[in-house]
Structures are given as structure tokens and as C-alpha cells.
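Here is a short report to read beside the model. Keep the structure open and find each residue as it is named.

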Protein chains: 2
Amino acid sequence: MSGDDSTRAAIMDATFRALAKHGYADLTVQAIADEFEKSKSLIHYHYDSKADLMVAFLSHLLDEFIDEVEGGGPDDPRERLHRMAEIVVVGLGDDAATRDFHTALLGMRAQAPFEPDLQDQLVENDRLIRGVIADIVREGVESGEFREVDPERYAALFRSAIEGAQSHDVILGDAAPTDEAFAGIERYLIGDLLMASEDRPASSRSSDGADDGGA
Amino acid sequence: MSGDDSTRAAIMDATFRALAKHGYADLTVQAIADEFEKSKSLIHYHYDSKADLMVAFLSHLLDEFIDEVEGGGPDDPRERLHRMAEIVVVGLGDDAATRDFHTALLGMRAQAPFEPDLQDQLVENDRLIRGVIADIVREGVESGEFREVDPERYAALFRSAIEGAQSHDVILGDAAPTDEAFAGIERYLIGDLLMASEDRPASSRSSDGADDGGA
């Protein structure tokens, strides 16, 4: 990693901490500088404005997310969807910090209609994430692990469900039905809906089809 | 309707228009008064503060929503879920006005963690709406129209998916995959997932099960 790269990485980490602490509406470059070990002028050297920095941060988040889903994890398509849902809905680290960060993220998303650069980057993130979901589904269908579904349509649904559950966790706080929503995603969206016909429970198939060997 | 009731209804209508025009962050009682045909002092007479008014507005939205889903519409549980998804994701009226209103709604939701009264009312709305979804599912399972799913778990998933699709429409603007997400909800969440076993397509059942009469 070059010096510039490591500086940028440190700025991204500081941005993450500042966002979780202050929320998006109250975020200033000074608040980010307060979380940053080097000089504030280095932030200004790398990023022209708060908007520029936020766009870079969203792009950074996307890279991290894709790495988490794709890198070194399980190959199994069902496990990869599960992993993605877990990262988005439940988070990987400390619960309180995760909620603070998700709160800031929701605040940023709610501002997207008023900030075109932010919206453009969110559109880019959405396209890529849906593309990854669709690829996982396509692979599962081709290998016969999943039944035939339309990968793009399923991806739009899956992404709506995981983001909706994340947002509800923020909006409703401790009363949010997050565990139930996550269990629903696991059981129905990843489990039952994608189940190849040979895996379907007998109760949902013909009474004499339990040993037919599938489609 | 008493005079008070009709005044309250007119204030709710004015609040709807003001929210769609100004968004939640910039909403003032004056902006609502500007949309209201009677005196501003009547708003203050009925509601002590903006917070008080917003809580009443959320409760009003809930009533309207339940009326739209439950009142005079189809009895069929599949149709009722379809109707609910349509109202939330696509909206019933003018597209531009719907998006403006959804944008304001998302802004309000994103503020919930910072405004306990608002959050309490959103929690109440969420409980009631999930209750309605669960009741529809329970009814469909009992009548044999749906396969066996856990009504509460399915409700948490369904609500996450429809709200996630609505939020994405706001966040991503014209690039949002709203039609695809809605089609996914229709096809997979309402269609395939709830399909009673006798309705499942032959491709997902045993090859010799097409005429077995179902479970």
C-alpha cells in the first residue's frame, strides 16, 4: 500500500467513526479530522469537499462489503446469500456501534434525493450489489442447488428485504422485529423459495413424491 | 363528522401536502398553515407542537392505510397482500406526488432515533401493520389457499421487503429498480412462496405429481 493509499484508508476509518458518532446531518470535516491521527490538511488534500469525501466513503463501503461477501468465505451460494443478509441486517461487530452506523447510513440515504453526487454513488452501489446477488443466484440455479428463479428479479426483492430490515432496526429501535425479519429472510427467501425440488419438504409436494429423485 | 373532526381531517390533509412539498426536515407549522384553508390558530388549538401534530399524522396515515387494504376491497388473501404491496411500493396516485411524499416519509423515519414520540408512534404503526399481514396469512393458511408458513415471521419479511422497495425508490430516484422489486414481491413473496402445494408448478414438483391432487 502506498503512503497515499494508507492515508486514504485512515481517512475512511475516521469517516466511519465520525459518522457513527455524529450522524450524517451533523457530520463536518472537522468531526472527521477529530477521529483522524494525522493532520486535517491531509483530508483537504485528498478530498475537495464533504460531498467528495462522502462519495469516496460510499465507494469504500461497497468495496468492503463485496470483500466480506466474496472474499475467502464459503463458496456455497446459499451460504453466501446468508452471509450477505447477516452483514446487512444484523451487522458483524458490536451491536450499539452497528446501530449508530446504520442510523447515520439511513440519514445519508434519506438525503440522496437532495444531493445528486450522493445519489449517483448510491445508484452505483445498488447496481453492483444487485449484480452480485444475481450472480450468486445464477450460479445456484446452474449448479442445480436452487430452483429456477429470475436472477435480476430475485436480486431486487432480496435487496429490498435486507435493506428494509436494516432500516426498520434503526427506525424502530429496540422494538424492531429484526430477529424475526432476519429469520424470515433466512427461512423463506434463502431457504424455501430457492429450494431445489428434490429438497422441498414432503408437505409441499405430492404425497407420493418423497422418493422421486427430483426434477 | 363533528366540526372538530372535520377540522382535524383538514389539518391532516394540509400536513400531507406540506410534507410532500417541503420534506420533513424543513416542515414548520406555518408551512402546514399555508396549505390549510382555515386559521392557523386552529392548528395550535388542536395540536400543542409540531411533534404532537406529526404523531397524530402518523396515526392518521395508519388509519388510511388500513382502510385502503381492508375496506371494501377484495376478500381473497392473495389479492389483499398484492394490494398492500401496491400501495406501499408503487402508490395509488400521481407518481411525482407519491415520490415527494415517500421522500418526506423517509426523512421522518430517519429522524425517529432522535425523536422518541415519533419513534413510539412508528413502532405502533409497525405492530399494527405486521398484525394485519399476519392475519391475512393466517386466514390464507386456514382456508388452504396458502401453504403453511409462520404468519409473524412471514409478516416481518413481507413488511421489510415492501418498505425496502419504497425506500429504494426514494433513495435511488429514477434509477431505482422499483418495477423489478415489485414484480419480485408479487411473483416470489406472494406467488411462489405462499402457493399451496396443489398450485405449485410442475417443474418444482415431482415429475409424476402433476395430477396427485395436492396435499
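Helix 7 of chain A is followed by Gly144(A), which has a positive phi near 85 degrees. Helices here are DSSP runs of H or I with at least four residues, numbered from the N terminus. This is a predicted model, in which local features need pLDDT of at least 70 and side-chain atom pairs count only at pLDDT 80 or more, while totals for chains, interfaces and linings use all residues. Residues are numbered from 1 along each chain as its sequence is written, chains are lettered from A and ligands numbered from 1 in the order in which they are written, and side-chain values use heavy atoms, leaving out hydrogens and water.

How far apart are the end C-alpha atoms of helix 7 of chain A? They are 38 Å apart, which agrees with the 39 Å that its 27 residues (116-142) should span at 1.5 Å a residue. The expected span is 1.5 Å times one less than the number of residues.

**Helix 5 and its surroundings**

Helix 5 of chain A covers residues 77-90. Its 14 residues reach 19 Å from first C-alpha to last, close to the expected 20 Å. Gly91(A) follows this helix, and its phi is positive, near 85 degrees.

Several residues of helix 5 of chain A are buried, including Leu81(A), Met84(A), Ala85(A) and Val88(A). Buried means under 20% relative accessible area, exposed over 50%, and partly exposed in between, using a 1.4 Å probe and protein chains only. The buried residues of this helix pack against helix 4 (50-70), helix 6 (95-111), helix 7, helix 8 (151-172) and helix 9 (178-192) of chain A.

**The nonpolar cores**

A nonpolar core is a set of buried Ala, Val, Leu, Ile, Met, Phe, Trp, Tyr and Cys residues joined through side-chain atoms within 4.5 Å. The largest has 70 residues. Those with the most contacts inside it are Tyr154, Phe158 and Ile185 of chain A and Tyr154, Phe158 and Ile185 of chain B. A second, separate core holds 67 residues, among them Ile43(A), Leu122(A), Ala18(B) and Phe101(B).

What does Phe158(A) touch, leaving aside neighbours within four places in sequence? Its contacts (heavy atoms within 4.5 Å) are Leu81(A), Met84(A), Ala85(A), Ile133(A), Ile185(A), Leu189(A) and Ile190(A).

**Salt bridges**

A salt bridge is a side-chain nitrogen of Lys or Arg within 4 Å of a carboxyl oxygen of Asp or Glu. The whole structure has 34 of them over all chains.

| Salt bridge | Closest N and O atoms |
|---|---|
| Arg138(A) and Asp135(A) | 2.8 Å |
| Asp169(B) and Arg99(B) | 3.4 Å |
| Asp126(B) and Arg130(B) | 2.8 Å |

Arg138(A) and Asp135(A) are 3 residues apart in helix 7 of chain A, so about one helical turn separates them. Arg138(A) counts as partly exposed because its relative accessibility is 29%. Asp135(A), at 45%, is also partly exposed.

Asp169(B) is buried at 11% relative accessibility, whereas Arg99(B) is partly exposed at 24%.

Asp126(B) and Arg130(B) both lie in helix 7 of chain B, 4 residues apart. Both are buried. In chain A, salt bridges that share partners join Arg109(A), Asp126(A), Arg130(A), Arg159(A) and Glu163(A) into one network.

Technical notes:
Helices (H or I, at least four residues) and strands (E, at least two) are DSSP runs, numbered from the N terminus.
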